[in-house]
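Let us walk through this model step by step. Keep the structure in view as you read.

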Amino acid sequence: MGLLDYFKGFAIPFKVMFEDRVTTQYPEEKREKPLRAHGRHVLNRYEDGMEKCIGCELCAGVCPARCIYVRGMDNPADDPVSPGERYGFVYEINYLRCIHCDLCVEACPTEAITESKLFEFSFTNRQDAIYTKAELVVSDDGKPKRLPWEDWRVGDDLNTSAWMRATSPSGSAAHEDRVQWSGELGYGIRAPEQGQHAPEPDPEPTHDDHAHDDGHDHAGHGH
């Protein structure tokens with residue numbers, strides 16, 4: 001390698017030295033998270049305070065990582081926890097195994113479990129990584145419970161599982177902008193996420209089109 005090639009190798013580093021810095025001062029500064037980001041789960045409650053989870057265990061059954069454990073129990077007649085016959089007596093998520101695929105959200109028939117945008121949480125022991133129902137159920141104000149090892153930022157609790165509202169039900173464009181979500185404690189009815197677009201209607205035939213068709217027909221009759 002010649003001396004000229006040696007200096008060419010330093011050309012790019014020297015050029016970059018005078019360009020604007022793009023480094024983000026993490027964790028003080030963070031990039032805006034995507035609208036449909038998958039993060040830490042929450043168990044939602046209805047606007048009257050009752051829990052949405054009915055202990056059906058469908059989320060546990062569909063989970064490909066086998067990280068969810070649910071055990072249902074009959075609702076007390078004098079003090080029901082959920083509007084159904086049963087409620088989630090035990091609910092646990094092992095975040096050492098969770099892959100945040102959001103299949104549990106899709107399987108839930110009552111929209112009890114959704115995913116927030118929080119994905120920055122670390123643990124000092126394995127027990128902290130197993131979230132229990134006490135940690136997953138939202139507080140009395142409807143906000144997710146914030147644990148000491150979680151780095152919540154503004155907006156992390158908004159638009160939870162937005163892709164579900166974008167594709168509900170079954171991605172049909174006929175349901176664009178229609179609310180398909182039940183109200184949540186502290187948030188009310190979340191706005192539907194725009195995700196589908198109906199096909200453009202066929203243009204109406206013009207007068208010239210009719211004239212062209214008539215001419216073609218007359219030519220055919222002439223033959």
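Start with a sorting rule. Ala, Val, Leu, Ile, Met, Phe, Trp, Tyr, Cys and Pro count as nonpolar, Asp, Glu, Lys and Arg as charged, and the others, Gly among them, as polar. Hold on to that rule for the cavities and the pocket.

This is a predicted model. How far does the confidence reach? The protein chain averages a pLDDT of 82, and 79% of the residues score at least 70. Residues 215-223 are another matter: their pLDDT stays under 50. For that stretch the model has 0 contacts beyond four places in sequence. Where pLDDT is low, the predicted coordinates should not be read in detail.

Now look for empty space inside. Rolling a probe the size of a water molecule over the atoms shows where empty space is left. The count comes to 4 cavities of 30 Å³ or more. The largest cavity has a volume of about 90 Å³. Which residues lie nearest its centre? They are Cys53, Cys56, Cys59, Cys108 and Ala112, out of 15 residues in the lining. By class, that lining has 11 nonpolar, 2 polar and 2 charged residues.

Move on to the second largest cavity, with a volume of about 80 Å³. Its lining is made of 13 residues, and Cys63, Cys67, Cys98, Cys101 and Cys104 are the closest to its centre. The classes here are 10 nonpolar, 2 polar and 1 charged.

With those cysteines in view, how many disulfides are there? The count is 0 disulfides. Take Cys53, which is in no disulfide. The nearest cysteine sulfur belongs to Cys59, and it is 6.5 Å away. A disulfide needs two cysteine sulfur atoms within 2.5 Å.

Next, turn to the aromatic rings. The model has 9 aromatic pairs. One of them joins Phe121 and Phe123. Their ring centres are 5.6 Å apart, with 80 degrees between the planes, and the pair is edge-to-face. Phe121 has 15% relative accessibility, so it counts as buried. Phe123 has 24%, so it counts as partly exposed. Phe123 also pairs with Tyr131. Here the centres are 6.4 Å apart and the planes stand at 80 degrees, so this pair is edge-to-face too. Tyr131 has 0% relative accessibility, so it counts as buried. Step back from the single pairs. Ring pairs link Tyr95, Phe121, Phe123, Tyr131 and Trp149 into a cluster.

Finish at the largest pocket. Its volume is about 170 Å³. Which residues line it? Lys30, Arg31, Glu32 and Lys33 are part of the lining, along with Lys117. Arg153, Val154, Gly155 and Asp156 line it too. Now apply the sorting rule again. How do the residues of this lining divide by class? There are 1 nonpolar, 1 polar and 7 charged.

Definitions and conventions: Residues numbered from 1 in each chain as written. Predicted model: local features only at pLDDT ≥ 70, side-chain atom pairs only at ≥ 80, totals over all residues. Heavy atoms only, no water. 1 Å grid on protein atoms, 1.4 Å probe; cavity = no way out; pocket = protein on both sides within 12 Å on 5 of 7 lines; lining within 4 Å. Points joined across faces, edges and corners; volume = space filled by probe spheres on them. pLDDT = per-residue confidence, 0-100. Contact = heavy atoms within 4.5 Å. Phe/Tyr/Trp six-rings, centres within 6.5 Å; stacked < 30°, edge-to-face > 60°. Buried < 20%, exposed > 50% of the residue type's maximum accessible area, 1.4 Å probe, protein only.
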